[in-house]
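Trainee: I'd like to learn how to read a model like this one. Could you take me through it feature by feature?

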Amino acid sequence: MKKIHILGIIIIAVAIGAIFTTLNNTSTYASFAEAASDPGSEFHVVGKLNKDKEAIYDPKIDANLFTFYMIDNKGMECKVVLHKNKPQDFERSEQIVLIGQMEGQEFQASDILMKCPSKYNEGQPTAVK
Amino acid sequence: MEYIGEHLGIGKVGNVFVILSFVFALLASISYFFAAKENEDAASWKKIARISFRLHGLSVLGIVSTLFIMLMNHYFEYEYVWHHSNREMPMRYILSCFWEGQEGSFLLWTFWHVVLGLILQHSAKNFEAPVMSVIALVQVFLASMLLGITIGEYHLGSNPFTVLLREHPEYSKIPLFSDAHYLANPAFDGRGLNPLLQNYWMTIHPPTLFLGFALTVVPFAYAIAGLWKKQFNEWLKPSLPWTYAGVTVLGIGILMGGAWAYEALSFGGFWAWDPVENASLVPWLILVGAAHLMLINRNKGQSLFTAFFLAILSFLLILYSTYLTRSGILGETSVHSFPTAGMAGQLLVYMFCFVILGFALLIIRWRDFPKQTQEEGIWSREFWMFVGAIVLLVSAFQISFYTSIPVWNKLFGMNKAPLKEVVKFYNNWQLPFAFVVTMLIAVGQFFKYKNTSIKEFLKKISVSFFVALALTFLVVYITKFDDRYFSILLFSSIFATIANLDYMIRVLGGKVRKAGASIAHIGFALVLLGALISTSKKDVISQNTSGKDVTQLGKSFSNNDNILLTQGDTLKMGKYLVTYIGKRQEGINIYFDVDYFTKDESGKLVKEFSLSPLVQTNPRMGNVAEPDTRHFLTYDVYTHVTFADLETLLEKKKETGDEYATAKNHTIKKGDTLFSSNAIIIFDSLSVNVDKVKYQLKEGDIAVEAHFQVLDIQKKYKANPIYVIRNNSIQPIESRVDELGLKFMFWEINPEDGKIQISLQEKKSNVRDFIVMQAMIFPYINILWIGCIVMAIGTILAILERLRKTS
């Protein structure tokens with residue numbers, strides 16, 4: 001067997017390893033119900049902010065604690081405890097992705113991603129300032 | 001309706017240039033194709049081809065100039081001009097407007113191809129026809145991205161000259177356009193350039209990066225030409241300097257992007273393994289691999305197939321990354337949004353055409369490759385260079401595979417979400433590759449081509465090895481480097497630096513001219529070393545002030561890295577004491593001034609510096625936090641605001657500032673301490689010796705004076721409210737500390753326990769502003785930037801040396 005073949009086998013092994021760990025390590029998008037059925041596991045939950053309920057952030061007590069209510073894409077509402085600062089422009093968000101896990105009735109989120117509305121992003125031609 | 005004042009003529013001119021550039025590119029490609037046949041007609045085909053490509057170049061120049069004229073004159077009747085510029089914007093950012101949009105950036109790319117093509121027409125000699133045929137074909141596809149014509153249901157390209165704002169489907173029904181004189185309306189303005197891009201890095205980063213992208217077309221075209229004309233070895237010599245140039249420029253372009261992210265974005269670092277960053281890193285890694293294999297083949301005739309493969313692949317990966325970042329596919333699964341102009345299909349067709357062209361030709365020609373007579377010896381330089389290139393390939397594969405998750409999701413109907421700790425995932429995966437590559441960089445040049453006496457090799461390398469080992473321990477000691485897994489890379493990158501330095505001095509005798517490779521390798525090792533130390537020893541000095549331990553909730557909740565700073569307070573943060581001074585507004589930016597102090601020997605506060613991280617109230621993207629960084633020789637202090645109350649800006653404060661807020665009552669005894677929002681108040685004593693004249697007391701009044709010490713950070717004040725009983729009623733005399741906006745009233749004495757009741761009022765302006773901030777220290781990040789410069793110098797020297805050899 002030539003050296004090149006040994007090298008080839010190693011490469012293939014590493015490449016398969018890369019594929020395998022990538023597919024194994026990723027979490028999947030889920031709803032609150034799915035997250036609740038498997039507490040302790042990490043999920044990405046996509047949804048919208050419930051603007052009718054209060055979002056509480058008091059940095060003087062804890063700058064890394066923010067609670068609000070989110071409605072997931074299946075329509076289920078859940079209280080969210082985010083262990084981070086309140087993101088800038090939170091109220092304007094049109095879609096939210098939470099990363100975290102369910103604990104009891106609350107979703108404990110360690111990170112948040114937001115999408116802002118495209119209209120806001122784009123702006124319109126106007127002559128009014 | 002007849003609209004008044006529109007400049008429709010210039011758009012027609014631009015559109016003619018667009019069509020001409022497409023037609024001449026097509027003509028150039030076809031005629032160069034026939035010119036490459038080398039029959040009796042070839043010479044006349046070549047003539048046509050040359051002229052066509054030059055006319056194509058002129059047309060591209062025409063497009064560029066027309067678009068510039070439109071931008072500079074604010075012709076907002078054109079959607080592109082309205083979309084990307086406005087009147088207020090400083091002229092120096094007009095360049096950024098040009099390439100902010102999809103069309104402009106394709107134009108920039110096309111422009112660089114024209115420049116390269118015109119140089120190659122002179123320098124490529126025998127290879128001119130086949131190489132230029134390929135480049136002109138690439139131009140055909142790029143030019144089609146600007147055509148903006150509709151064939152049946154299908155839109156081909158997007159043309160900045162034909163899309164008028166009032167005709168744009170999204171805006172056509174807007175009342176503004178019911179006015180024939182809408183352009184004369186003084187309030188009508190462009191949407192403007194995204195303020196985040198109004199940064200000097202953004203004027204130089206895109207053209208550099210796109211030149212890097214463009215340069216990959218040269219080795220690609222040469223490789224195709226080599227396969228096509230069966231000149232399997234001849235293509236290497238002329239294309240090597242171009243490949244080196246690609247490595248240099250693309251590398252600098254990528255790192256400039258990192259510098260911009262570090263300066264202007266608040267994700268806390270210079271590299272986040274973001275899909276957009278990865279999309280340009282992967283082709284660079286492949287190009288570096290290609291450059292090394294081409295060099296082996298040039299010198300020893302080995303690894304021919306892999307050299308071809310990588311040279312072709314790096315350009316294809318540029319196309320793939322264009323697809324990833326421009327088609328909107330990343331935007332569907334991640335929340336990072338990318339602009340789309342409905343070009344996904346076109347980009348895919350474009351990509352597949354070149355994939356098929358490149359790989360089909362490679363497979364067809366494979367049988368005709370010169371047979372490799374002997375295998376590389378295990379102690380030969382070419383063998384280890386080959387291994388290094390393969391490691392780069394595998395490393396690129398890992399990055400690319402993970403970045404492509406949205407593509408896999410779409411292809412296989414999966415629903416995979418991106419990892420939370422993406423950076424850690426990539427770092428852990430890439431570490432072994434980086435280790436092997438740096439080890440190879442260290443030893444590589446000490447191997448000779450063909451065969452090396454292993455005894456001599458060990459003798460030569462041992463000095464560097466032990467010096468590097470000692471230095472590694474020293475660095476571990478100085479930086480308190482405690483991650484064992486990553487310390488192997490610490491060693492290998494120091495080893496690579498030292499060994500190449502040694503090679504330069506002892507083997508090359510310090511001849512800088514010949515030391516391009518060594519210097520470039522030192523630069524690369526320094527980049528890794530700087531990235532490694534600054535990232536793994538990154539110290540978040542802002543800490544959670546709540547005292548609650550969030551880590552109890554789980555490992556992922558240890559992000560207690562924000563500090564709350566109230567205006568005027570001084571808090572300890574790392575080795576500094578910090579004070580939030582206040583905020584100020586400049587245009588759309590709101591700056592938050594924070595002073596940094598240290599204590600000198602006598603315990604006095606000494607101001608070291610100020611940082612003003614800002615929040616940009618970006619009309620396009622909402623509020624964006626931008627960091628402010630203080631650079632020192634051995635470390636950077638990097639800060640950004642994570643939360644601030646932007647609604648209560650300065651004007652509100654003025655209205656209510658002088659009023660007193662509701663009084664708060666306190667019942668206290670001697671020695672007790674009270675807190676106002678800006679001071680500490682200590683109740684010292686009571687006395688009955690009240691100055692009767694000063695306080696206009698009458699006979700028969702009973703007066704008791706309370707003595708308070710009022711302490712803020714800098715000064716000590718006194719407050720002496722007086723309790724007065726006159727004619728059986730309590731008529732207290734207030735005491736104010738105007739500097740601090742405090743008012744004291746003394747209401748009651750309880751003679752039994754000696755307690756008194758006072759009320760304390762604060763001015764409303766005392767309700768102080770606060771910010772939540774994140775601060776981190778990046779140690780030795782300058783090694784990384786120095787590494788960039790060293791790497792650039794090294795590759796430039798290597799290009800010059802190669803050109804010297806060629807001529």
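This is a predicted model: local features need pLDDT of at least 70, side-chain atom pairs count only at pLDDT 80 or more; totals for chains, interfaces and linings use all residues.

Trainee: Which residues make up helix α11 of chain B, and how far does it reach?

Mentor: Helices (H or I, at least four residues) and strands (E, at least two) are DSSP runs, numbered from the N terminus. The expected span of a helix is 1.5 Å times one less than its number of residues. Helix α11 of chain B covers residues 304-326, and its 23 residues reach 33 Å from first C-alpha to last, close to the 33 Å expected. After α11(B) comes B:Gly328, with a positive phi near 85°.

Trainee: Why is α11(B) described as largely enclosed?

Mentor: A residue is buried if 20 or more other C-beta atoms lie within 10 Å of its own, exposed if 12 or fewer, and partly exposed in between, with C-beta atoms placed from the backbone. In α11(B), 20 of the 23 residues are buried, so the rest of the structure largely encloses it.

Trainee: How do I read the strand pairing of β5(B) and β6(B)?

Mentor: Two strands pair if DSSP finds at least two bridges between them. Strands β5 (570-573) and β6 (576-586) of chain B are antiparallel, with four bridges, and B:Leu571 has B:Val578 as its bridge partner. B:Val578 also stands opposite B:Tyr596 in β7(B); β6(B) and β7(B) pair in the antiparallel sense over nine bridges. Look at the turns too: B:Gly574 has a positive phi of about 60° in the β5(B)-β6(B) hairpin, and B:Gly587 one near 65° in the hairpin of β6(B) and β7(B).

Trainee: Which residues have the most contacts inside the largest nonpolar core?

Mentor: A nonpolar core is a set of buried Ala, Val, Leu, Ile, Met, Phe, Trp, Tyr and Cys residues joined through C-beta atoms within 7 Å. The largest has 215 residues, and B:Val131, B:Ala221, B:Ile286 and B:Leu310 have the most contacts inside it. Apart from that core lies another of 20 residues, including A:Ala30 and A:Val45.

Trainee: What is the order of elements in chain A?

Mentor: From the N terminus on, they run α-β-α-β-β-β-β-β-α, giving three helices and six strands. Of its 129 residues, 32% count as buried.

How values were computed
Residues are numbered from 1 along each chain as its sequence is written. Chains are lettered from A and ligands numbered from 1 in the order in which they are written.
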